[in-house]
Amino acid sequence: MSGEAHPEPRVAAVIVTYNSAAVLGGCLASLPDGAAGVRLAAVVVADNASADDSVAIARAAADTLPVRVVQVGRNAGYAAAVNAGVAALDLDGLDAICVLNPDCRLRPGSLARLAAALRGRVGIAVPKLVNPDGSLQPSLRRMPTVGRAFAEALIGGRLAGRVARLGELVTDPREYERPGPAVWATGAAMLVATDLIREIGDWDESFLLYSEETEYALRAADHGWTLWYEPAAVAEHIGGASGVDPRLASLLVVNKVRLFARRHGPVASAAYFLAVALGEALRALAGRRTSRAAIAALVLPSRRVRTLAG
């Protein structure tokens, strides 16, 4: 990390909320122990116009944490809220910013272990994610390719991730036992060096929700930065609704196809679209509601999610 040497890395947290009252308190309560070994300079809760008690819970935590609330004013999406939270901070007084979902709980000392990984051109460090029952939550990804998309379409992402590295999702538990570089990772918890933020700028708000962390990690790599996985840092992640909500599932699928098309030529992009569409069609025929919504959104632009609830 850059700047004058400090006895402890200077870290801020940006937590994005939208009707997160049920989980935000637990996230905030985990920060004092999670930040052991770093100087937690600020906690920004960037709120996407919650209709519940999220803002009140955040403000109440100011008694024990350096919390401030940034109200985005509408449900503008994850990337927009991250950008609003980062904009409220003085980057010159920080070494890194932890971007955090409100349904995450940091285990003690996790931020210090992530901060220790930010050396040289390592610009993003991510923890091991676990489910509330303590089981592994696969979070690492390989580079999206046409071949991997077809493999996942035909045999499923979890199996493809274990068989000769065919899939994008890393599912082999042994891969999560050792630290090392990764192409991208679930954006529920990640520590980002302020030098990286200065160099590559804001998160891409056009994705609303899903693929924004993929785009950011790949853009960082384009500029010569590395994403590092550190299993000694652990975050419990409750998880979202993309697996059960058809609308969100369709947004996830459409966004990953959009991102691939941005980074590849028309032939590869068409092949990737066909591979993803094939996988969703097969699962739709098997009765999966989320896949029916996804294939409709892929084929019919009018069915695509363009604004979020709220």
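Modeller: A residue is called buried when its relative accessible area is under 20%, exposed when it is over 50%, and partly exposed in between. Keep in mind that this is a predicted model. Take E175: its relative accessible area is 24%, so it is partly exposed.

Biologist: Thanks, that helps. Is A21 buried, partly exposed or exposed?

Modeller: A21 has a relative accessible area of 23%, so it is partly exposed. This alanine sits in helix α1, which covers residues 21-34.

Biologist: And A81, is that one buried or exposed?

Modeller: A81 is at 0% relative accessibility, so it counts as buried. Its place is in helix α3.

Biologist: On to charges. What is the general idea of a salt bridge, and how many are there here?

Modeller: Side chains of opposite charge can pair when their charged atoms come close. The cut-off used is a Lys or Arg side-chain nitrogen within 4 Å of an Asp or Glu carboxyl oxygen. By this rule the structure has 9 salt bridges.

Biologist: Could you show me one? Which residue does R10 meet in a salt bridge?

Modeller: R10 pairs with D95, at 3.1 Å from N to O. This pair joins distant parts of the chain, 85 residues apart: R10 is in strand β1 (residues 10-17), while D95 is in the loop between α3 (78-87) and β4 (96-100). Both R10 and D95 are buried.

Biologist: What about D92, which residue does it form a salt bridge with?

Modeller: D92 pairs with R198, and the closest N and O atoms are 3.4 Å apart. D92 has a relative accessible area of 60%, so it is exposed. R198 is partly exposed because its relative accessibility is 40%.

Biologist: Which residues are linked with D92 in a network of salt bridges?

Modeller: D195 and R198 are the residues that form the network with D92.

Biologist: You opened with E175. Which side chain does E175 meet in a salt bridge?

Modeller: The partner of E175 is R178, at 3.4 Å from N to O. R178 counts as partly exposed because its relative accessibility is 45%.

Biologist: E175 has me curious about pockets. Which residues are closest to the centre of the second largest pocket?

Modeller: That pocket holds about 190 Å³ of space. It is lined by 13 residues, and those closest to its centre are L140, R165, V170, E175 and P181. Strands β7 (140-141) and β8 (180-182) each supply at least two residues of the lining. The largest share comes from β8, with 3 residues.

Biologist: Now cysteines. How many disulfides are there?

Modeller: For a disulfide, two cysteine sulfur atoms must be within 2.5 Å. By this rule the count is 0.

Biologist: Last topic, the surface. Which residues make the nonpolar surface patch?

Modeller: The patch covers about 890 Å² and is made by F150, L154, I155, L159, V163, L166, L274, L278, L282 and L285. Helices α5 (146-155) and α10 (266-285) each supply at least two of its residues. The biggest contribution, 4 residues, comes from α10. L274 lies in α10, and its relative accessibility is 53%, so it counts as exposed.

Terms used. Residues are numbered from 1 along each chain as its sequence is written. This is a predicted model: local features need pLDDT of at least 70, side-chain atom pairs count only at pLDDT 80 or more; totals for chains, interfaces and linings use all residues. Side-chain values use heavy atoms; hydrogens and water are left out. Patches are made of residues with over 30% relative accessible area and no salt bridge: like charges are joined within 9 Å, nonpolar side chains (Val, Leu, Ile, Met, Phe, Trp, Tyr) within 5 Å. Accessible areas come from the Shrake-Rupley method with a 1.4 Å probe; for residues, only the protein chains shown count as cover. Buried means under 20% relative accessible area, exposed over 50%, partly exposed in between (1.4 Å probe, protein chains only). On a 1 Å grid over the protein atoms alone, a cavity is a set of points where a 1.4 Å probe fits but cannot get out, and a pocket is an open set with protein on both sides within 12 Å along at least five of seven lines; lining residues have an atom within 4 Å of a point. Grid points are joined across faces, edges and corners, and a volume is the space filled by probe spheres set on the points.
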